[in-house]
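Please read the following note with the sequence and the model open beside it. The points are numbered so that each can be checked in turn.

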Amino acid sequence: MLKLIIRLAYIATMFVEALVITRIILLLINANTSNSFANWVLSMSDMFVQPFDGIVASNLQINSLVIPLTPVVALLFYIVAAFVLSELLKSFSRD
């Protein structure tokens, strides 16, 4: 049963991380928000990125490249949280 919980937690965290990475890429290439896929990714990932608004400046501009910092901070948080959760769940494993 614990292995199932570990796998579900892993799948959930990987989904959130992939969603935030896709959001970063779409924002970097300035994707058209009227596209249904881009709109879906941006709206779904907004609930995971929104708690991190205001922690850092929203954008970093290097020449003509604008890097969205809020999703990057959110991604770093979710990577660390996934690692901690994974190790915590593994510590309760009997293997």
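1. The model under review is a predicted one. This should be kept in mind throughout the reading.

2. Helix H1 covers residues 2–28. At 1.5 Å a residue, its 27 residues should span 39 Å, and the C-alpha atoms at its ends are 39 Å apart, so the length agrees with expectation. Several of its residues are buried, namely Ala9, Thr13, Val16, Glu17, Leu19, Val20, Arg23, Ile24 and Leu26. The cover over these buried residues includes H2, S2 and H3.

3. Helix H2 comprises residues 36–49. Its 14 residues reach 20 Å from the first C-alpha to the last, close to the 20 Å expected at 1.5 Å a residue. Which residues of H2 are buried? They are Ala38, Val41, Leu42, Ser45, Phe48 and Val49. These residues cover an arc of only 115° around the axis, and therefore they lie on the same side of H2.

4. The buried residues of H2 pack against H1 and helix H3, which runs over residues 69–91. The face turned away from the buried side carries the exposed residues Ser36 and Met47.

5. How many salt bridges does a search of the whole structure find? It finds one. The side chains of Asp46 and Arg23 meet in this salt bridge, at 3.8 Å from N to O. Asp46 belongs to H2 and Arg23 to H1, so the pair ties together parts that are 23 residues apart in sequence. In general, side chains of opposite charge can pair when their charged atoms come close. As to accessibility, Arg23 is buried, because its relative accessible area is 12%, and a residue counts as buried under 20%. Asp46, with a relative accessible area of 31%, is partly exposed.

6. Most residues other than glycine have a negative phi. Asn30 is placed in the loop between H1 and H2, and its relative accessible area of 66% makes it exposed. Asn63 is not a glycine either, and has a positive phi of about 55°. Asn63 is found in the loop between strand S1 (59–62) and strand S2 (65–68). With a relative accessibility of 74%, Asn63 counts as exposed.

7. A nonpolar patch on the surface is formed by Met1, Leu4, Ile5, Leu8, Tyr10, Ile11 and Met14, which together have about 760 Å² of accessible area. One of these, Leu4, lies in H1. Is Leu4 buried or partly exposed? Leu4 is partly exposed, with a relative accessible area of 47%.

8. Thr70 is buried, at a relative accessible area of 5%. Leaving aside residues up to four places away in sequence, Thr70 touches Val49, Phe52, Asp53, Val56, Ala57 and Ser58. Thr70 and Gly54 are 16 residues apart in sequence, and their C-alpha atoms are 7.9 Å apart in space. Among the residues that Thr70 touches is Val49, which is itself one of the buried residues of H2.

Notes: Residues are numbered from 1 along each chain as its sequence is written. This is a predicted model: local features need pLDDT of at least 70, side-chain atom pairs count only at pLDDT 80 or more; totals for chains, interfaces and linings use all residues. Side-chain values use heavy atoms; hydrogens and water are left out. Patches are made of residues with over 30% relative accessible area and no salt bridge: like charges are joined within 9 Å, nonpolar side chains (Val, Leu, Ile, Met, Phe, Trp, Tyr) within 5 Å. Accessible areas come from the Shrake-Rupley method with a 1.4 Å probe; for residues, only the protein chains shown count as cover. A salt bridge is a side-chain nitrogen of Lys or Arg within 4 Å of a carboxyl oxygen of Asp or Glu. Helices (H or I, at least four residues) and strands (E, at least two) are DSSP runs, numbered from the N terminus. Buried means under 20% relative accessible area, exposed over 50%, partly exposed in between (1.4 Å probe, protein chains only). The expected span of a helix is 1.5 Å times one less than its number of residues. The arc is that of the directions from the helix axis to the C-beta atoms. Contact means heavy atoms within 4.5 Å.
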